[in-house]
There are 2 protein chains.
Amino acid sequence: MSDLPAPEPLPADAGLTVAGLSESQLLERIFPRLIVPEPAGGPEAPTSLLLGPGDDAAIVAAPDGRTILSIDTQVADQDFRLQWNNGYRTSGYDVGWKAAAQNLSDINAMGARSTSLVVSLTMPPETPVSWVEDFADGLTAGIRELGARGCTVAGGDLGRGRELAVSVAIVGTLDGKEPVLRSGARPGDTVALAGTVGRAAAGLALLESEISVVELTAAQRALMDTQCRPLPPLAAGPAARDAGASAMMDISDGLVRDGNRMAAASHAVLNLDAAALKELAVPLLPASELLGADPMPWVLGGGEDHGLLATFPAGVQLPAGFTAIGSVETPAPTESTGVKIAGRPADAVGWDHFAD
Amino acid sequence: MSDLPAPEPLPADAGLTVAGLSESQLLERIFPRLIVPEPAGGPEAPTSLLLGPGDDAAIVAAPDGRTILSIDTQVADQDFRLQWNNGYRTSGYDVGWKAAAQNLSDINAMGARSTSLVVSLTMPPETPVSWVEDFADGLTAGIRELGARGCTVAGGDLGRGRELAVSVAIVGTLDGKEPVLRSGARPGDTVALAGTVGRAAAGLALLESEISVVELTAAQRALMDTQCRPLPPLAAGPAARDAGASAMMDISDGLVRDGNRMAAASHAVLNLDAAALKELAVPLLPASELLGADPMPWVLGGGEDHGLLATFPAGVQLPAGFTAIGSVETPAPTESTGVKIAGRPADAVGWDHFAD
């Protein structure tokens, strides 16, 4: 491990930890950073926040009388490492960005638009205050840079714990339209993908390797960045809904595992095209060649890119950003639902939180 | 410690831990328990849940075009102990109940009605499956028995971590009325309290004492139960709103600390009546006498009962459940806002998460 880079110098006020501030003092430092910045020169985004942080609860507009709601948690050493094997140190910015991304993706996957989120941050007392400020910056930057216009941070909760954990709950609006569920795939539909798959998994392999982060090429580094700061395709969800997608979900546990869930909910078989899957592996070659690894398990089993898996009725023109990767079929009488590749059952190779 | 009771026998399937099940298998065991039961013979409660667990996000009705939103997290060994000093072992039921109670209280404190919640549970792999089932039972029982009619569990997230933690995010509706903020207290208003204060703190002192749980009287045990399964007065929030409360918040960090927050938001002094505070200490005597402790710090600094602190314009008849405990005053020119007791500044003795 002697070829790993020296740890980056800690920020100047690294000596100040959350144990050194009261909850109110810490909130005072963070609140101003939770205002989602506007893109320079862009039009002002409409906000849905009717009452922001500071009271017992926030109030968010739900103009069509419905609210979309989801929650996701990240825990240090389970969902990310603060210090990776290749020398990279996860920043508060990374964790904040990822918390935004994975929650925005859940709303996107319903064909909806995120309006607001609340965040609960649990920290060991030795956490540097600068880390928390960086977390707040990453959270708001993720919202803005991923294009979730008008989405705000409505409030939250700070607490102490032995391990660092962040829970985000997010609400959104359907803008008067109908949601796209995972249960609507029908035989004859086209299976399509927006965003990426496998890149975060390739990035994870790089982070866990002995090859120092400073030796990575730009292409390898980009894969690593997808693990730390994923880029869910937020324009694709509402676009798919408007184009008439029959089913949709976000891929967070892997194409095969999540595809099996869509197939089960839709009582169908998703038959994926082998050539299309091979194409998805091409961007992963910079990592697979460096590590001497097979990229296909990353394509089939890697989550965390938060790509969108959707199905569209035959004849529908796929919206921008979607690539056809297969078709929906009726299971044969003795056959179960699930993902097939070129007609043969795919093994479930996605990540399971509990099975060892 | 030899006089502590023997640990209660573990349930029959305690050998089965969450590590022994896949996430899907665990969800299958929990989903049926997340349906909030109806009171026997009662009328069917209207549900606001338009789409429940199983997709990327849930959909909840927001009939007046607004959603109230909050999030709260509990972490083992920070917010509760799995095994207390007095021999009591915190059950999954307790943790589920408390998660429901503290979140329902946040919505209540706005004068609103909870419609749905999502839950994220982070668990060490050795957590017994029976504990998780018990957690789900406590969560739904809390919703039902605290009287949050029509509130449902809309979905959630299961994950692994070194320490047990639960985050709940809750949404609610204002039913077309205006929320009661903490900033509306005006000079001349009556300060009033619904629910209890100090009982959870007295219960905590009992849990942390060397006096075995099996030796407690019913009155002492009831104080302990308030710590483990708090009873926020859910009817009081909307009742206060309808009666014209000028300000309201839930007491989760202590009467003085939370009162200081209301006073600051309202640019006012809350002058509390010493005799009324003494009255609040009476129910705590079974614990204070046993432990040789002063009950007043529990009254002034104890949170977690989730009582409601509210102010009402003079002349308004207090709704059922509220007791007058003081009045709102204008700060003198050189004076800061805050809580006073009989005209003298109260020290902030509430719990702070970070200051040691």
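Author: In chain B, 100% of the interface residues are also interface residues in chain A, so the copies meet through the same surface. Contact here means heavy atoms within 4.5 Å. This is a predicted model, in which local features need pLDDT of at least 70, side-chain atom pairs count only at pLDDT 80 or more, and totals for chains, interfaces and linings use all residues. Side-chain values use heavy atoms, without hydrogens and water.

Reader: What makes the relation of chain B to chain A that of a two-fold axis?

Author: A rotation of 180 degrees with 0.0 Å of shift along its axis superposes chain B on chain A, with RMSD 0.0 Å. That is the relation of a two-fold axis. The superposition is by least squares on the C-alpha atoms of residues with pLDDT of at least 70 in both copies.

Reader: Why is B:H306 called buried?

Author: Buried means under 20% relative accessible area, exposed over 50%, and partly exposed in between (1.4 Å probe, protein chains only). B:H306 has 4% relative accessibility and therefore counts as buried.

Reader: Why is the pair A:D55 and B:R182 called a salt bridge?

Author: The term requires a side-chain nitrogen of Lys or Arg within 4 Å of a carboxyl oxygen of Asp or Glu. The side chains of A:D55 and B:R182 meet at 3.5 Å, N to O. A:D55 lies in a loop of chain A and B:R182 in a loop of chain B, so the pair joins two chains. Both A:D55 and B:R182 are buried.

Conventions
Residues numbered from 1 in each chain as written. Chains lettered and ligands numbered in written order. Helix = DSSP H or I, 4+ residues; strand = E, 2+ residues; numbered from the N terminus.
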